[in-house]
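Biologist: Please show me the chain and its model. I will then ask about a few residues.

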Amino acid sequence: MYISQNYSYAILRPLQQVIRAHGGEVKWFLEGDEVNPDFLAGDEQQVFDIKDVIAWQPHASFVPGNVIPSFVPGRKVAVFHGFDSGKRNRRGHLDHFNIRGCFDLYCTQGPSTTIRFQQLAQQHGFFRVRETGWSMLDPLFSPTPNNPYSSNDSRPTLLICSTFSKRLSLAPVLVEHIKELRDSGKYRILVQFHPKMSADIVTQYKAMQNDTLSFVETDNVIPLLQAADVMLCDTSSILLMFLLLRRPVVTFNNQAPAAHLLNVTDATQVEAAIDQALTRPPELMANIESFCQQLHPYQDGRSSERVLAATNDLIISDGAELKAKPLNLLRQFKMRKKLAYWRW
């Protein structure tokens, strides 16, 4: 499990459980200083040095990020760190479909992304695409026992999430309006931000906490999502996970507004939109259902099994039909430098 962010633990643990159940062995490599080893469970094995990863000779590496060094042995499997939220890179291309030449297999989440990745596979020829569903969501469709975010509070629970991008984030823009939502007393409010959110913004929101508003830091957002009735978000892909619970999302300045969202562009409209969402308008809920069938149609909690099956098939067949991946000399040099690994 090759990870660089704390949210990756929750993405890969359902897959780890399935691998172990099939008699496999799992180890974790934590790249960089943005992932906290304290989140490792007592029965999870960490590999501390990239040289030890190579010596262990993994059959496959699972990556919820964008890149992995070519010198790591075995097949490289992209399992994604989120859904396609419509974000575009500096060249104006959808970032979710950026092919960086690192992976042998993309395990896609549903028809809305599978079709495009299949087109890219035909174009490039050096990776497979298999629609499996997303391993992180296996626990989503079963209640979390003793959910720490559940409450006997009779008020509806509002979950506020935001991306870290200054250009897209609602967090700095809506500070005063969220204080007003808190002071209205109408909702129980939970706030959770992307781990790369500016420390100044995090400090502001932590200072808002009282018996109505709580700021949450966690490596597993699923119990948090299950505890909420409605979400306020921007363009963060976490809103897509919430929609899969068939619950409404109010967005502020979403980059790709559509019929499955209640999008507003004026801060003064936020509260009214939240109240409208809580009524669960039939047309909105029908649009959410239709959207979810394209995004991630699997509700059986077995996506990890499909990811493992697709990976094993690649290993056994040795990907005979695949071309060699591009050399990516500059990217590989940067990764070697970052990991201080210069052997060939």
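**Buried and partly exposed residues**

Modeller: Gln-16 lies in helix 1; helices (H or I, at least four residues) and strands (E, at least two) are DSSP runs, numbered from the N terminus. This is a predicted model, where local features need pLDDT of at least 70, side-chain atom pairs count only at pLDDT 80 or more, and totals for chains, interfaces and linings use all residues. Residues are numbered from 1 along each chain as its sequence is written, and side-chain values use heavy atoms, with hydrogens and water left out.

Biologist: Does Gln-16 count as buried or exposed?

Modeller: Buried means under 20% relative accessible area, exposed over 50%, and partly exposed in between (1.4 Å probe, protein chains only). The relative accessibility of Gln-16 is 4%, so Gln-16 counts as buried.

Biologist: With which side chain does the side chain of Gln-16 make a polar contact at 2.9 Å?

Modeller: A polar contact is a pair of N or O atoms within 3.5 Å; within protein, one must be able to donate a hydrogen and the other to accept it, and residues adjacent in sequence count only if both atoms are side-chain atoms. The side chain of Gln-16 has such a contact with the side chain of Trp-28 at 2.8 Å. At 2.9 Å, the partner is the side chain of Glu-44.

Biologist: What is the relative accessible area of Leu-94?

Modeller: Leu-94 sits in the loop between strand 5 (75-78) and strand 6 (105-108). Leu-94 is partly exposed, with a relative accessible area of 28%.

Biologist: How far apart are the C-alpha atoms of Leu-94 and Asp-84?

Modeller: Leu-94 and Asp-84 are ten residues apart along the chain. Their C-alpha atoms are separated by 8.2 Å.
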